[in-house]
Amino acid sequence: MNAVEINELTVRADARDLVSDVTLHVESGTWLTVIGPNGAGKTSLVESVVGLRRIARGAISISGQPLETLNERERAKLVALVPQRPSVPNGMNVRDYVALGRTAYHGLLRAPSAGDRAIVDSVLERLSLHEFCERDVATLSGGERQRMVLARALAQSTMVIVLDEPTTGLDLHHQMDLLELLRREVTECGLTIVATLHDLTLAGQFADRLVLLDAGKVVLDGPAHDIIRREELSRCYQMDLRVIDIDGADVIVPVRGVSQ
Amino acid sequence: MLSAHPPTARRVAMVTLFCVLALIAAVVAGLGVGPTSISTTRIIGAIASGLGLGHSTLTPLQATIVWQLRAPRLVLGLVTGAMLSVAGGAYQGVFRNPLADPYLLGVAAGAGLGATFAIVYVGHGLTTPSWTPLLAFAGATIAVLLTWGLGGRGLRATASTLILAGVAISALLTSLQTFFQQQSSIDSIARVYIWLLGSLATASWSSVWMVLPYVVLCVVVCVAAGGALDVMSVGDEEAKTLGLPVRRVRLVVVAASSLGTAAVVSAVGLIGFVGIIVPHILRLLVGTSYRRILPLSVIFGAAFLVLADTIARTIMAPTELPLGVVTAILGAPAFALILTFRRQLTT
């Protein structure tokens, strides 16, 4: 079954197509990463999936439900977002921040229920955040902060999570740590991930499927292992990219001075 | 008591207790302090008797002073302080702007224009006519509607477009008010100036009943929106993905805050500083959650304004100081003090 269905999607801004006629179907319990150079339309595409962009043409369904028929609350129960630059309000503690993920369930006038609190506690435990839960969000390191934002998305209890460049600003250790954690959620809990990533090596190692986007159009779509070896990749990035196999892991290396 | 960390339940409980004690002190001071000295015991006895507990020991003259002169002024002060403080806090949350106050969207300029029109053209500069509150209320309401019409674009309003529209509408209405004033007599200008400074001196039970329904409704709506304002602290787009109907919440909170503010301003004039200082003091004490700030703003704002009014009417008696001047003189140093303590603890 498809968790996300994007059909002939066009997203427009200032009379320019940011995403043009894109069709993608993402199977449940899989990880799809959208790659592409800056300005390719990656963020516009994934923001459309969470309902943040006005769709000029086409349609998006999440778990079989057309996005345009859903209000904010219904949408938040189906798909969660980890934004590229999350806004972290000073003075809020980690537990309260993660509990924001339960907004769609307890409504605007009621406080979180015991069930909501139990889900928040379980997510904090799963992401090893329980020791920070009373700390001010502003005092967390970049890695801890990104983990906390992911915890908020997981607290939404959706089957689909959209991540826009989730490793931005993280060191290598924290990048790997976060992506391993996401991989575990896909494998063990059947989560569906739609992500964008600039790091092609990480994209290739963690995603089941890669989609190469350029100028708003899908250029390549297929298993990660295949896509990173295709010539079109080098053409899109306008540089020579080589793939090195290190103990079974694909590493993509740009070669200096060879521009396409 | 102050720390850089999010507040503990104990700290919140202590601040709540402090606010309740301040409110009790304000009620006793509001009823007891004045040219006719009445002991605190008698005041407490009179309040208890009013609540159906025991008998009042006030003389008939004292009872008239307490219930017909001081009580309406006290109640109007309580509801005004509560409304301005909650509206200020709600505006700060809904616009994610610490400088927001209840007059942000043109309420003050609209009410000022309405009142000026009433004094200059209805009262012909000779009196402050009974129509003044109604025209001030109409002016304030029209100002907010114009702001929403200009910057709101229906439900597509964003915080920045509304704030900018508020600036433009306020400037326009203030210039019109200045024009009306400039066309009128010195007497009119003096009356308008007195009205603009704000005062509880003309409070009566009829003015209390006039504003109370609006204030109760608007305060309840704003306090109930506290949780939604917490969600909005992550920004409009993230809040939407968390399931919050951001534009509808903004519309409801702005409507409630503006209507309640228009109601109290029409009755007491423009009292500045309360709406910005009270939520900020509470934010420094109990953290950034609007679920805590807004209910405490109701209690502390009410107490703060009545205590300020008690000072305003007694410190230079029989002359009354403008209430807005006293709120600023009391609020600014208190705010600076808390800010300094907090900074020291943070570093």
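**Exercise 1. The contact between the chains**

How many residues does the contact take from chain B and how many from chain A?

*Solution.* This is a predicted model, in which local features need pLDDT of at least 70, side-chain atom pairs count only at pLDDT 80 or more, and totals for chains, interfaces and linings use all residues. Residues are numbered from 1 along each chain as its sequence is written, while chains are lettered from A and ligands numbered from 1 in the order in which they are written.

Step 1. Two residues are in contact if their C-beta atoms, placed from the backbone, lie within 7 Å.

Step 2. Chain B contributes 21 residues to the contact and chain A contributes 25 residues.

Step 3. On the side of chain B that touches chain A, helix 9 (226–232) and helix 10 (236–241) of chain B each supply at least two residues. Helix 10 of chain B gives the most, with four residues. Helices (H or I, at least four residues) and strands (E, at least two) are DSSP runs, numbered from the N terminus.

Step 4. By class, this side of chain B has nine nonpolar, nine polar and three charged residues. Here Ala, Val, Leu, Ile, Met, Phe, Trp, Tyr, Cys and Pro count as nonpolar, Asp, Glu, Lys and Arg as charged, and the others, Gly among them, as polar.

**Exercise 2. Helix 3 of chain B**

*Solution.* Step 1. The expected span of a helix is 1.5 Å times one less than its number of residues.

Step 1. Of the 35 residues of helix 3 of chain B, 25 are buried. A residue is buried if 20 or more other C-beta atoms lie within 10 Å of its own, exposed if 12 or fewer, and partly exposed in between, with C-beta atoms placed from the backbone.

Step 2. Just after this helix, Arg96(B) takes a positive phi of about 50 degrees.

**Exercise 3. Helix 13 of chain B**

Describe helix 13 of chain B by its span, its kink and its burial.

*Solution.* Step 1. The 25 residues of helix 13 of chain B (residues 290–314) should span 36 Å; the end C-alpha atoms are 34 Å apart, which agrees.

Step 1. A kink of about 35 degrees is centred on Ser297(B).

Step 2. Helix 13 of chain B is mostly covered, with 21 of its 25 residues buried.

**Exercise 4. The make-up of each chain**

State the secondary structure and the radius of gyration of chain A and of chain B.

*Solution.* Step 1. Chain A has ten helices and twelve strands. Its radius of gyration is 19 Å, close to the 18 Å that the globule rule gives for 260 residues, so chain A is as compact as a globular protein of that length. This radius is taken over C-alpha atoms, and the rule is 2.2 Å times the number of residues to the power 0.38.

Step 1. Chain B has 14 helices and zero strands. For its 347 residues a compact globule would have a radius of gyration near 20 Å; chain B has 21 Å, which agrees.

Step 2. In chain A, 44% of the 260 residues count as buried; in chain B, 52% of the 347 residues do.

Conventions:
Bend = angle between axes of the 7 residues up to and from the residue.
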